[in-house]
Amino acid sequence: MFKPLTLFRLSFTAIAVATGLCIALPTSAAVSSPSPVPVFIVSQPLKDSLRALSERFGQSFVTDAAVDMSIRAPAVNGQFTLPQALAALLHPAGLQYQITADGIVISPADELLPQAPIEEVAVTGLRASLDVSRQRKRENHVISDVIASNDIASYPDRNLAESMQRIPGMSITREAGEGRQIMLRGLNPDFTLVTLNGMTVLANNDSPMDSRLQKQRDRSFDLNLFATDLFSEIQVLKTYDAELPTGGMAGIVALKTAHPFDHPGLHWNLSAQTGDNQFTDALSKRVSAMVSNTRGHWGALFSVAYGTRFYQEMGANTFRWRSIPPDGADTSALPTALANAWQNGELTIPRGNRYSVWQSDMDRAGVGASIEYKTDFAHVTLDWLHGRLAGERYEYHLYPRGFNSTPVIEGETRIVDAAVNDQNELIYAAYEQAQVGTESRYQQVATIYNQWVMNVEHHWAQSLTGSGVIGWELARYDMPRSNKAYMEGETDITVDYRQDARFADITYLDDLTQPTFWQMKELDAEAYFAATDFFNARYTLAYKPTDNTIWKTGIELVHFRNQTDFYDIQDLLSADWASGQRDSTVPESYSTPLTAHPKLNWLTLNTNAIFGYFGLPNEVSALKGTHAAAESEHSTEQDDIIEQRLALYSSFSADWGNWLLDAGLRIESEQTRISDSDSEFARNRTLRHTHWLPAVNLRYRLATDNTLRLSVSKTLGRPQLDDLAAAVRYDSEENTLYGYNDSLNPYSAYNIDVAWERYLSDMNRFAVSAFTKYLDDYIVYVSDNLLISRLPEYEDLLALSASDSVTLVSAQNAQQTWLYGVEASVQLETPWPWSPQYHLGVVGNVSYTQGDLTYHNANTGEALSVKSLPFLSPWLANITAYWESYDLSIRLSATYRDDYLARVDSQTLQDEDETGFEESVYVDAVIAWYVADNWELRLEATNLTNQREIQYSDSSHRPYNTTLSGRDYYVGVTYRF
């Protein structure tokens, strides 16, 4: 077996050579004749019918003046190749056609085909892609939604996550206004499996915000890694069949890159965009290009997309709220009742009270290449995809740094005024001689992704075919440098939440931009690395004894590995500065006033330069050996997870007229090995499981335009990686053992889905579906009091215990719950009354989902409360209105997401019982103008509402983190040949 690097070099060389050869050779005039596809065209004027065929097959039509385009054409319904559909449409009208390299030429049957066509009928843009998506949804054996290539490009979507927010039941998380992770049907991102060109993939980047779980390690594919330009189709499979890979308990998102025979012949395009954000001075830029060619049975394609984005997210946030007294502060100026209540800890106090600014310059690059071989008996594609999202991030915070992160300095601070609300929350306070601090942070981050995958389809005999996939994925997230520098000073402070409960007014008496006001407090440094690799091989045999029955059987092998390495050093030089052994004066040349926040200006530090100024290297690898690091707090985490899976599957499919049955069974055996080096009790653990996964999909067509679907299946969701790699340790003070569970099972779901789809006319449709999932083996942390003698595997760790028993806390499959929901989508279109070639349309969807879970404290194992499942927004909705003609397209889209609970974090239970996000509405718009046959000019606007992203603290929805990322405006041009 080749090493991945060797395979990459061979693959890339072959792709480059083939691309050059194919582009250099002349194109074939013939258009390939693929297998028949469903065509549903009502009786209507010939011009509209030709437009429908253009959309369905992606071909242009040209006619001469002798053809009457207003004549009534017959209806065409059934399975057709392009020539068959043309014959059925044109021959009854006495017309003929010829397929040429310039298009499909239409003429009267008794005339020679003209040399100079007069009128062209070519449909691109949103309507064409909506028709393709509609047909793919209609043909699929499972309940699904599809976004085709033009549909992806028709919206101002910067990445794949944003494209998918328009699918019923799909929601996304955002970073600086840009989509990142996806949630399907109310389940967290770990439970939506992503495949790319047929193989399972995983790649992570992260959030710059600690409140959004920076460096979060999960099984999701962060979809802001790639620009949309590299992809031809997104298919969301909401129900399951035996051929599909496991792990998508919510569903599967199947991504597909472009291939040469998608559009035979020579094609190329080039797009360029530039844009501006209202909060930044620098312009963002995007450029993409694609070239493909086919000759005979061979084709090659090369595509590239590159963009730079400068963004700034700003806001106000707290360190959550806590019932604490103002220890050490003088409260004599306050009313007696208020002062006593505060001293007795009866008030809930906001801590931190920060103003914050996050800035970044990120580069996103993607390169794709494909070689394709296609005959009547074999079809082979070899694809390579490379992605890189990298850049530098800066964040700046201004906040009180006194007692419990309030402004209080013991023995110095005087509180002269205060106010509380009806919930006994402190919403205003004025402090004299109080503590203030700043944090300046620099991070260098990069996610690098490579995939090589080969797909093969071939015929062994007339009734026996085979198909296979073999691929490698290598993904890595690097944060080699994450440095913080802290300053502190003393001044008078007021904190006021009375005017805006989400965005406090905070004032300081002194000028916070002066270096003489500040003293150095401490330096922190950390580094984090995570690597993932996948190997995937699958082969399926399909036996078709009759025209309407198919037996399939196959085998799949998956090897997955995830490794992390984290090192953190805190409080560098803090003891020296506090004791006066080292000068804590802030060097003026290493500081800059920050003027980006709308409320206040303050002084920030050049973090990397400050490290050097005080004699420290600014990378963890060099810091580890220094005297300063040895005297500071430091921690490290390293672990390695390897999963191997072998699956056998078989299915039977039968098409009996209006009925279609697809039933199958998948048997999967898997082994998981976990090792870590940060545990008090380092030990390799192994989990072994065998799963039986049945699936039945039934489709019934009541009529040509009505379809009913029913699906029953069992699916899996694998344990979160942090749960698998949780450190084993013993807390002697609490006599609590945090152990492992060598029989931990994956999550499982028993699913029932029903759907009704109505295809009202050529472009109009309506669909509604209902689903329920019984979630079993849900993993939570529980406790049990056990005799130490019953835990011989922990003998060394418990040797110093003074008790005969111990409280064991470990991850267990201890929860069951129901998830249910309803989804509806509609697509309606009408021609403009005065000009039928213009079209008005609307595409919309709405979903409602519910599901609860009993949460547990991961520190103690005790049950807490019943709350909504994490990431579940009860209501989701999206609506897009469009107006489209031959040369102009306008669309406006709005996306609504209900509020949702993000997590119940046992580390913050002292402050909050949950944290989550409030509802949001994002509005985008785009105008596309085809200024000539091959040229398109685009104007795009995103986040027109300048939506506040509001994260709340506690089930009472106290303010936690409120940010704004600003409106974005882009102008671009595209040339297609």
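In this predicted model, the residues that line the largest cavity divide into 12 nonpolar, 10 polar and nine charged. The space in this cavity comes to about 400 Å³, and among the 31 residues of its lining, Ile 172, Thr 173, Arg 174, Arg 897 and Tyr 900 are the closest to its centre. Several strands supply at least two lining residues each, including E10 (170-175) and E11 (178-184), as well as E42 (875-884), E43 (888-897), E44 (900-903) and E46 (920-929). Strand E10 gives the largest share of the lining, six residues. Counted by the same rule, the model has 15 cavities of 30 Å³ or more.

The loop between E10 and E11 holds Ala 176, a residue that is not a glycine and yet has a positive phi of about 55 degrees. Ala 176 is buried, because its relative accessible area of 1% is under the 20% cut-off. A positive phi of about 55 degrees is also found at Asn 197, again not a glycine, which is placed in the loop between strand E12 (192-196) and strand E13 (199-201). With a relative accessible area of 7%, Asn 197 is buried as well.

As for confidence, the chain has a mean pLDDT of 87, and 90% of its residues reach 70 or more. Over residues 1-33, however, the pLDDT is below 50, although this stretch has 45 contacts in the model beyond near neighbours in sequence. Residues 111-125 likewise stay under 50, with 43 contacts beyond four places in sequence. Where pLDDT is low, the predicted coordinates should not be read in detail.

Terms used
Residues numbered from 1 in each chain as written. Predicted model: local features only at pLDDT ≥ 70, side-chain atom pairs only at ≥ 80, totals over all residues. Heavy atoms only, no water. pLDDT = per-residue confidence, 0-100. Contact = heavy atoms within 4.5 Å. 1 Å grid on protein atoms, 1.4 Å probe; cavity = no way out; pocket = protein on both sides within 12 Å on 5 of 7 lines; lining within 4 Å. Points joined across faces, edges and corners; volume = space filled by probe spheres on them. Helix = DSSP H or I, 4+ residues; strand = E, 2+ residues; numbered from the N terminus. Nonpolar A, V, L, I, M, F, W, Y, C, P; charged D, E, K, R; others polar. Buried < 20%, exposed > 50% of the residue type's maximum accessible area, 1.4 Å probe, protein only.
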